[in-house]
Amino acid sequence: MRTRLLLGLALLSTGLLAGAFGYGAANLVPTFNAVPLDIRLSFHTELMKMNGITMQAAMGISIVSSLTLAALAHGRTRLLAGGAGLLVLTSLLVTRFGNVPINSRIKEWAHASAPADHTEILRHWEMFNDIRTVAAVLAFALLISTALRPPTHA
């Protein structure tokens, strides 16, 4: 029963995370690239204020529930849940050490001006965004495959 509840929590939180990153990659990033730079910088800065809380919570709950499920489960379920937890951890680390430092720079640019190489820096932000999105979607897929596995009887 505990593992079923953990799987449900892991599915919910990881699904929300993958969905949010997927929406961002499919809709927000192209929109960022379609509007003038000053609008992108202002919107990006405001969006990061909101994302800071919700995305960290989703990542934290996803990591803890997936890795706890892995610790309590056995066999293939343990491997799939552990893999999902590690993929979400990857997403967190890419966010923290890739996107967040660039977000800090974007915040500065919104109040001053962007440097000459801003296009390359924004391209790096998008690359980090793609990596964390793929990691979150793969984590969600691993948990779905765990949920679809027939139950084992001990």
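This briefing covers the fold, surface, charge and nonpolar cores of the protein. The model is predicted. The protein has four helices and zero strands. Its C-alpha trace spans about 65 × 20 × 20 Å along the principal axes.

**Fold**
- Along the sequence, the pattern reads α-α-α-α.
- Among contacts with a separation of 6 or more, 77% join residues 24 or more positions apart.

**Burial and surface**
- The protein has 154 residues, and 38% of them count as buried.
- Its accessible surface comes to about 8,800 Å².
- Carbon and sulfur atoms account for 68% of that surface.

**Charge**
- There are 12 positive and 7 negative side chains.
- The centres of these two sets lie 20 Å apart.

**Largest nonpolar core**
- This core holds 18 residues.
- The members that touch the most other members are Leu17, Phe21, Met59, Leu69, Val88 and Leu143.
- Helix H1 (2-34), helix H2 (37-72), helix H3 (75-111) and helix H4 (118-148) each give two or more residues to this core.

**Around Leu143**
- Neighbours within four places in sequence are left aside here.
- Leu143 is then in contact with Leu7, Ala10, Leu11 and Thr14, among others.
- Its contacts also include Ser66, Leu69, Ala81 and Ala84.
- One of these partners, Leu69, is listed with Leu143 among the core residues that touch the most other members.

**Second core**
- A separate core has 11 residues.
- Val29, Leu47, Ile121 and Leu122 are among them.

How values were computed:
Residues are numbered from 1 along each chain as its sequence is written. This is a predicted model: local features need pLDDT of at least 70, side-chain atom pairs count only at pLDDT 80 or more; totals for chains, interfaces and linings use all residues. Side-chain values use heavy atoms; hydrogens and water are left out. Buried means under 20% relative accessible area, exposed over 50%, partly exposed in between (1.4 Å probe, protein chains only). Contact means heavy atoms within 4.5 Å. Accessible areas come from the Shrake-Rupley method with a 1.4 Å probe; for residues, only the protein chains shown count as cover. Lys and Arg count as positive and Asp and Glu as negative; His and the chain ends are not counted. The place of a charge is taken as NZ of Lys, CZ of Arg, CG of Asp or CD of Glu. A nonpolar core is a set of buried Ala, Val, Leu, Ile, Met, Phe, Trp, Tyr and Cys residues joined through side-chain atoms within 4.5 Å.
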